[in-house]
Amino acid sequence: ALSCGAWGSVSAQAGVTANGTTENINGKNVELQKTVSVGSSNYKTSMYVTNNGKIEVKSDTLSFTGVSKPADMIGSQFKGEYYFAGWLDGNGTIDINTKELYVGSKEVGADRGFQMKNAGNTLNIIADKIISYTGDGFINAQGDPGTSVANIGTADHRVGHFEAHTTFGKDDYGVAILQANEGNVVNLYADTAILDGSTNKNGGVIGTGGFGTVNVNTKDLTIDGNICGTYGEMNTPGKTASLNIVTDTLHMKGDVNIGSAGSDHSNFSRNTEVSIKANTSAVIDGDINVAGNQSNKDNTNDSSTLNITFNGDSKITGDINVAGSENDKATQDVTVNLGGKGDMSASKGVYNVNNNANVNFTGGQWAINEWNTADGKDVGNAAVKSGASVDVNGASMTVGKLETEGTLNLKSKDGKAADISAKTLKGANGTVTTDSLENKIHAEAS
């Protein structure tokens, strides 16, 4: 039988447990303390659900009282690692419907957000405004076998303003603000979103420690931190980590990182795919780093993929680094797809491409100002697909395969000719233009 509890407009009340029960929290301004123990562990939470338990909240405001400050430590660990807003421990549901949701505060904001473990969990949040200060994750959707989902807003009822900050430090690795693991799904729908998180090479604002899906759908998105496709130590060949952004405008200060380094908490086997689509404009003030996987696991058929679609004039200020795996460069697929309908020629235009990795221009206007292959590495490949136009501005390029189905514009710059050497040349419908007879394409075969 279901038992129901109801609370009114109270302040700083004790946490709530729903173990096979339904608990209703109704009030104007609700504040929950982290008083509920998670089993026999040292973890504490404000909400605990399991065994088909359900907690439903309807309020004007909902606040989760902060316990820890960033400097608070227990031994070598952050104190906040032990405190959570909500814990879904298997077949648990939390439904929150509030005007304003506050997780921690700027002053006391080093706890964690919502944690999922085991299977069959659901977190639904409907709110006009969400402000979060956590040590790392706002949501960490863990637990086999990929049957849990976190919905922060919906396509029909977006969060008006979602703002999340992490406080364990910009160099913190691991759990991102929005984190999906073991095949679970995290969805964020918001008009405006601000994600302020780690810039560690194995950290970021959206990410995974294994595999799963994070979908971010916004109108205006600001990111101060990385997109993390490098963290994890699991052996899951054939599984995919999928990190997806769709927004009208993107303002990002940070790097996009993909691939297992084989060390430093980046030692996995999986496929990693990151997709970023901006309908109006985008600025990524950082580097693109896409690498093939290296680890002590089976990486033979892994893939690392970045898809960029910029449909308005946009810019990437940093280098685009694309490197095939040292061990499996013949079998791993490492690809960056650069497309859309916008003009991206104001980008830095420096490409460092090695070991059979691929850069495909699939749409829009792009520029290559430098194309480099590292000493001792095999060359990469380039393709200009139909609908794309690429200026090669005085750059000297050596590639394995060159595909020209779109428009390739060879331009001299600062007294340097555009010079492309390719082992194989493919393309029957492409257009090549040149502003000088000094510009050349050399091909060994076609």
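Guide: This is a predicted model, in which local features need pLDDT of at least 70 and side-chain atom pairs count only at pLDDT 80 or more, while totals for chains, interfaces and linings use all residues. Residues are numbered from 1 along each chain as its sequence is written, and side-chain values use heavy atoms, with hydrogens and water left out.

Visitor: What volume does the largest pocket have?
Guide: On a 1 Å grid over the protein atoms alone, a pocket is an open set of points where a 1.4 Å probe fits, with protein on both sides within 12 Å along at least five of seven lines; lining residues have an atom within 4 Å of a point. Grid points are joined across faces, edges and corners, and the volume is the space filled by probe spheres set on the points. For the largest pocket this gives about 490 Å³.

Visitor: Which strand supplies the largest share of the lining of the largest pocket?
Guide: The lining has 28 residues, and Arg112, Asp136, Asn140, Val175 and Tyr231 lie nearest the centre. Strands are DSSP runs of E, at least two residues long, numbered from the N terminus. S7 (77–78), S8 (83–88) and S10 (112–116) each supply at least two lining residues. The largest share, 4 residues, comes from S10.

Visitor: How do the residues lining the second largest pocket divide by class?
Guide: The second largest pocket has a volume of about 310 Å³. Of the 24 residues that line it, Ile258, Gly259, Ser260, Ala261 and Ala291 are the closest to its centre. Ala, Val, Leu, Ile, Met, Phe, Trp, Tyr, Cys and Pro count as nonpolar, Asp, Glu, Lys and Arg as charged, and the others, Gly among them, as polar. The division is 5 nonpolar, 15 polar and 4 charged.

Visitor: Which backbone oxygen does the side chain of Ser304 reach?
Guide: Ser304 is found in strand S24 (residues 303–310) and is buried (under 20% relative accessible area, 1.4 Å probe, protein chains only), with a value of 0%. Its contacts (heavy atoms within 4.5 Å), not counting residues up to four places away in sequence, include Ile258, Gly259 and Ala291. At 2.7 Å, the side chain of Ser304 reaches the backbone oxygen of Ala291.

Visitor: With which side chains does Asn439 make polar contacts?
Guide: Asn439 is in the loop between strands S37 (431–434) and S38 (440–445), and counts as buried at 8% relative accessibility. A polar contact is a pair of N or O atoms within 3.5 Å; within protein, one must be able to donate a hydrogen and the other to accept it, and residues adjacent in sequence count only if both atoms are side-chain atoms. The side chain of Asn439 has such a contact of 2.9 Å with that of Asp435, and one of 2.9 Å with that of Thr434.

Visitor: How far apart in space are Ile420 and Val392?
Guide: Ile420 lies in strand S36 (residues 419–426) and is buried at 0% relative accessibility. Among the residues Ile420 touches are Val392, Met397 and Leu402. Ile420 and Val392 are 28 residues apart in sequence, and their C-alpha to C-alpha distance is 9.0 Å.

Technical notes. Buried means under 20% relative accessible area, exposed over 50%, partly exposed in between (1.4 Å probe, protein chains only).
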